[in-house]
Amino acid sequence: MDLTRRSFVKSIGLAFGTSMAYGLATQSSTLAFADDLDWRLVNTEEFTNICCYCSGGCGTIVSVQDNELINLEGDSDHPINQGGLCAKGASMFQLRNVITEETREVIHNPNRKTHPLVRRPGASEWEQLSWDQAILEIARHVKETRDATFVEQDENGVTVNRTEAIASLGGSQQNCEEDYLILKTMRSLGVVALDNQARV
Ligand code: SF4
């Protein structure tokens, strides 16, 4: 194609105009997107947390708006999972909130337990307890079991001071310091069967 000076200037002008228009369009859509993000995150607080399901201890970011959970996702700054979550971790949001099938509304999970429950020996129903009552009853069971099974010396006459009738298994969200305190408490009772799921 023969390019005269005039057609050259025209084509440059056209290209410049097109790229300006494209640039403005891109810029305005970026700005609109940024605006959307700003609005979406108004009054939103973010907290870091740890997945409650396994000893992997994947990190999560929990977003809260007006005291309500609105989002939960993998923490990309966390050294273990680097933003990823397995299927269990990714469904953790549903421990608190679920979406109704009919209206697609977000509601509190009706199956979430928020009080201690006990099923007495021989009973078929669960009974709700206050936290104070639950702690009292657990303490009473621990005391009775320990008293009934405590061994001061083993069959060879070696002092052991232990009970093999109680075991302690910690959860997945405890940190080193909490595990240390659990271990000290259990050891002081003579419990030797101890493990903690947490590897955090
Ligand atoms: S996200 Fe999955 S792998 Fe990570 S801690 Fe939770 S259950 Fe374990």
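1. Basis of the reading. The model is predicted, and local features are considered only at pLDDT of at least 70, side-chain atom pairs only at pLDDT 80 or more, whereas totals for chains, interfaces and linings use all residues. Residue numbers start from 1 along each chain as its sequence is written.

2. Overall make-up. The protein has four helices and 10 strands, where helices (H or I, at least four residues) and strands (E, at least two) are DSSP runs numbered from the N terminus. Along the sequence these elements follow the pattern α-β-β-β-α-β-β-β-β-α-β-β-α-β. Of the 200 residues, 6% count as buried; a residue is called buried if 20 or more other C-beta atoms lie within 10 Å of its own, exposed if 12 or fewer, and partly exposed in between, with C-beta atoms placed from the backbone. Among contacts between residues at least 6 apart in sequence, 34% join residues at least 24 apart, a contact being a pair of residues whose C-beta atoms, placed from the backbone, lie within 7 Å.

3. The antiparallel sheet. Strands β1, β2 and β3 form an open sheet in the order β1-β2-β3, with antiparallel pairing; two strands are taken to pair if DSSP finds at least two bridges between them. The edge strands are β1 and β3, each of which pairs on one side only. Neighbouring strands of this sheet are turned by 25 degrees against each other on average, direction ignored, with axes fitted as lines to C-alpha atoms (for helices over the stretch in contact) and angles running from 0 to 180 degrees between N-to-C directions.

4. Strand β1 (residues 44–50) is joined to the antiparallel strand β2 (residues 59–65) by seven bridges, and N49 has T60 in β2 as its bridge partner. Six bridges hold β2 in antiparallel pairing with strand β3 (residues 68–74), and here V62 stands opposite L72 of β3. The hairpin of β2 and β3 has two residues between the strands, and D66 takes a positive phi near 50 degrees in it.

5. The mixed sheet. A further open sheet of three strands has the order β8-β9-β10 and mixed pairing. Its edges are formed by β8 (151–153) and β10 (191–196), each with a single partner strand, so that one side of each is left without a neighbour in the sheet. From one strand to the next the twist averages 30 degrees. Helix α4 packs on this sheet, touching β9 and β10, and its direction makes about 165 degrees with that of β10.

6. Two bridges link β8 to strand β9 (residues 159–170) in the antiparallel sense, with Q153 partnered by T159 in β9 and V151 standing opposite R162 of β9. The hairpin formed by β8 and β9 has five residues between the strands, and G157 in the turn shows a positive phi of about 85 degrees. By contrast, β9 and β10 run parallel and are joined by five bridges; G170 stands opposite N196 in β10.

7. Two helices. For α3 (residues 131–149), 19 residues at 1.5 Å a residue should span 27 Å, and the end C-alpha atoms are 27 Å apart, which agrees; the expected span is 1.5 Å times one less than the number of residues. Helix α4 (residues 176–189), with 14 residues, reaches 20 Å from its first C-alpha to its last, close to the 20 Å expected. Both are hardly covered, the count of buried residues being zero among the 19 residues of α3 and zero among the 14 residues of α4. G190 follows α4 and has a positive phi, near 95 degrees.

8. The ligand shell. The residues surrounding the ligand are C51, Y53, C54, G56, G57, C58, N81, L85, C86, K88 and G89, where a residue is near the molecule if its C-beta atom, placed from the backbone, lies within 6 Å of it. This shell divides into six nonpolar, four polar and one charged, under a scheme in which Ala, Val, Leu, Ile, Met, Phe, Trp, Tyr, Cys and Pro count as nonpolar, Asp, Glu, Lys and Arg as charged, and the others, Gly among them, as polar.

9. Residue Q128. This residue lies in strand β7 (residues 127–128) and is exposed, with 12 other C-beta atoms within 10 Å. Leaving aside neighbours within four places in sequence, Q128 is in contact with H115 and L117. The C-alpha atoms of Q128 and P116, which are 12 residues apart along the chain, are separated by 6.0 Å.

Notes:
Two residues are in contact if their C-beta atoms, placed from the backbone, lie within 7 Å.
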